[in-house]
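User: I would like to learn how to read the features of this model. Please give me the general idea each time, then the case at hand.

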Amino acid sequence: RLAHVVAFLAALAATALGIRRLDPEPVQSWMRAKLDHFASVSDQFDTVFVGSSRVQFGIDPERFDARMAALGDPTRSYNLAFGGMRQHDYTFVLDWLA
């Protein structure tokens, strides 16, 4: 039994190291395309929504901007939310924005 446990742990460690080599930033790599796009257009926006899938699919920047303009406070907003976002992802995105 001990040999099987050791073999399992060795295989698990080897798999984790292999995945780490393929994707050195496992948490942020799936965000990279959207973050890079926002970086190139960020000067066009004054409001940024950050959140999980509820924000991503629940807030429509065009409708938000239209409503704000109707209320007399025009704005340009960008939805920088990601589905599956967790607390450490928020920290990364907010640090990146700052």
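Analyst: Start with helices. A helix is a DSSP run of at least four residues, numbered from the N terminus. This is a predicted model. Here helix H1 covers residues 2–22, and Leu9 is placed in helix H1.

User: How many helices and strands does the protein have?

Analyst: The secondary structure comes to 5 helices and 2 strands. Read from the N terminus, the elements run α-α-β-α-α-β-α.

User: How do I read the overall shape?

Analyst: A compact globule of 98 residues would have a radius near 13 Å, but the protein has 20 Å. Now take the principal axes. The C-alpha trace spans about 70 × 25 × 15 Å along them.

User: What percentage of the residues count as buried?

Analyst: Of the 98 residues, 22% count as buried.

User: What about Ala11?

Analyst: Ala11 is also placed in helix H1. Its relative accessible area is 43%, so Ala11 is partly exposed. Now compare sequence and space. Ala11 and Ala33 are 22 residues apart in sequence, and their C-alpha atoms are 32 Å apart.

User: How do I read aromatic pairs?

Analyst: Check the ring centres, then the planes. Rings of Phe, Tyr and Trp pair if their centres lie within 6.5 Å. By this rule there are 5 aromatic pairs. One of them is Phe38 with Trp96, at 6.3 Å centre to centre and 50 degrees between the planes, a tilted pair. This pair links distant parts of the chain, 58 residues apart. Phe38 lies in helix H2 (residues 32–41), and Trp96 lies in helix H5 (residues 87–97).

User: Why does Phe38 count as buried, and why is Trp96 partly exposed?

Analyst: Apply the accessibility cut-offs again. Phe38 counts as buried because its relative accessibility is 4%. Trp96 has a relative accessible area of 30%, so Trp96 is partly exposed.

User: Which residues form one aromatic cluster?

Analyst: The cluster is formed by Phe38, Phe45, Tyr78 and Trp96.

User: Where does the charged end of Lys34 sit?

Analyst: For a charge over a ring, look at the distance to the ring centre. For Lys, NZ must be within 6 Å of the ring centre and within 35 degrees of the ring normal. The charged end of Lys34 sits over the ring of Phe82, 5.2 Å from its centre. Lys34 itself is found in helix H2. Its relative accessible area is 24%, so Lys34 is partly exposed.

User: How far from Lys34 is Ala81?

Analyst: Their C-alpha atoms are separated by 9.3 Å, with the two residues 47 apart along the chain.

How values were computed. Residues are numbered from 1 along each chain as its sequence is written. This is a predicted model: local features need pLDDT of at least 70, side-chain atom pairs count only at pLDDT 80 or more; totals for chains, interfaces and linings use all residues. Side-chain values use heavy atoms; hydrogens and water are left out. Rings of Phe, Tyr and Trp (its six-membered ring) pair if their centres lie within 6.5 Å; planes under 30 degrees apart count as stacked, over 60 as edge-to-face and the rest as tilted. Buried means under 20% relative accessible area, exposed over 50%, partly exposed in between (1.4 Å probe, protein chains only). The radius of gyration is taken over C-alpha atoms; the globule rule is 2.2 Å times the number of residues to the power 0.38.
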